[in-house]
Amino acid sequence: ENETPTSGSCGENVTWSYDADTQTLTISGSGATYDYGSKVAKAPPYADSSVYPIKHFVVDEGITKIGKYVLYSYVNSAAANTTVLDIKLPESLTEVSTYAIYKNAALKSITFPKNVTSFSATGSTIYGCTALEEIIFEGKDISGKELNLSQYRARVGMVFQQFNLFNNMNALENCVCPQLTVLHRKREEAE
C-alpha cells in the first residue's frame, strides 16, 4: 500500500509540507515556487483536495514568488476549493503569478506584503475567490469599499495584455504620458 506523501519539492530551493491534523500546507525555502499548469509541472503534488484538504496556507519567509496554480484544487477543475480559510504570506514575497490563488471560494481576506511589486495578470491572481471581502495591500483595503480609487490608481502601474498603446508614440512615451498628465511630474522624473 502506498503511503500519501506529506512533503516534497515545489521549486528549485522550495519544499512543501502538509500537516493533516491542522490541515496546513506550508511552503518553505528560498526563491520561487514552480509554475504549475504546464507540460513540465501539470499540478502541484498536493493538489488533490480529497487527499490534502487545506484550511491554512502558509508561505514562509524566504519565498519570493508564488508560481502559477500553486494553491488550486485539481480534483475537479470546474469546482472551487471550499476549504482554504486563511493564507499567510511573507514579507520576502515580491511576485504573485497568474492563478496563484485560484478558486478558493471560502477565503474571505488576503493580505499581500508591501514588497509585492508584481501581480501577473492581477485580476486572475485571485480569480474565483468569490467570498473575498477584503484585499489588503500596503496596509489598505483595496477591494474598493472605502478606497479613493482615483488617488490609488495614480500610484499603481499596470501592464495590459492587449496593449492599445498610442500608435503615434513609442513605448517610453506611452509610459511617460500618463505621469506627465495625471501626476504632473517633470519629464526627467517620469522617464
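## A tour of the predicted model

Start by selecting Asp35. With a relative accessible area of 30%, Asp35 is partly exposed. Keep in mind throughout that this is a predicted model.

**Stop 1: Asp35 and Lys65**

Lys65 and Asp35 form a salt bridge, 3.5 Å from N to O. Asp35 sits in the loop between β4 (31-32) and β5 (56-59), while Lys65 belongs to strand β6 (residues 63-66), so the bridge ties together parts that are 30 residues apart in sequence. Is Lys65 buried or exposed? Lys65 counts as buried, at 17% relative accessibility. The cut-off for buried is under 20%. Asp35, at 30%, is partly exposed.

Opposite Lys65 stands Glu95, in β8.

**Stop 2: the open sheet**

Switch to a cartoon view. What is the strand order in the open sheet of four strands? The order is β4-β6-β8-β10, and the pairing is parallel. β4 and β10 (118-119) are the edge strands, each pairing on one side only. Now pick out β6 and β8. These strands pair in the parallel sense, over two bridges.

**Stop 3: Lys108 and Glu133**

The structure holds five salt bridges. For another of them, select Lys108 and Glu133, whose closest N and O atoms are 3.8 Å apart. Lys108 lies in the loop between β8 and β9, and Glu133 lies in the loop between α1 (122-125) and β11 (134-137), so this pair ties together parts that are 25 residues apart in sequence. Lys108 is partly exposed, with a relative accessible area of 46%. Glu133 is partly exposed too, at 44%.

**Stop 4**

Next, select Glu173 and Arg187. Their side chains meet in a salt bridge, 3.1 Å from N to O. Helix α3 (residues 171-181) holds Glu173 and helix α4 (residues 187-190) holds Arg187, so the contact ties together parts that are 14 residues apart in sequence. Glu173 is partly exposed, with a relative accessible area of 26%. Arg187 counts as partly exposed, at 36%.

**Stop 4: aromatic pairs**

How many aromatic pairs does the whole structure contain? A search finds five. Go to Tyr18 and Tyr52, one of these pairs: the arrangement is edge-to-face, with 5.2 Å centre to centre and 85° between the planes. Tyr18 is in strand β2 and Tyr52 is in the loop between β4 and β5; the pair links distant parts of the chain, 34 residues apart. Tyr18 is buried, with a relative accessible area of 9%. Tyr52 also counts as buried, at 5%.

Now move to Tyr34 and Tyr36. This aromatic pair is edge-to-face, with 6.3 Å centre to centre and 85° between the planes. Tyr34 is partly exposed, with a relative accessible area of 38%, whereas Tyr36 counts as buried at 4%.

Together, Trp16, Tyr18, Tyr46 and Tyr52 form one aromatic cluster.

**Stop 5: two positive phi angles**

Show the backbone and select Gln23. Gln23 is not a glycine, yet its phi is positive, at about 55°. Where is Gln23 placed? Look in the loop between β2 (14-19) and β3 (24-29).

Then select Tyr99. Tyr99 also has a positive phi, near 55°, in a residue other than glycine. Tyr99 is in the loop between β8 (95-96) and β9 (109-112). Its relative accessible area is 26%, so Tyr99 is partly exposed.

**Last stop: cysteines**

Finish with Cys10 and Cys129. Cys10 counts as buried, at 1% relative accessibility. Cys129 is buried as well, with a relative accessible area of 8%. How many disulfides are there? The count comes to zero. The rule behind that count asks for a pair of cysteine sulfur atoms within 2.5 Å.

Conventions:
Residues are numbered from 1 along each chain as its sequence is written. This is a predicted model: local features need pLDDT of at least 70, side-chain atom pairs count only at pLDDT 80 or more; totals for chains, interfaces and linings use all residues. Side-chain values use heavy atoms; hydrogens and water are left out. Buried means under 20% relative accessible area, exposed over 50%, partly exposed in between (1.4 Å probe, protein chains only). A salt bridge is a side-chain nitrogen of Lys or Arg within 4 Å of a carboxyl oxygen of Asp or Glu. Two strands pair if DSSP finds at least two bridges between them. Rings of Phe, Tyr and Trp (its six-membered ring) pair if their centres lie within 6.5 Å; planes under 30 degrees apart count as stacked, over 60 as edge-to-face and the rest as tilted.
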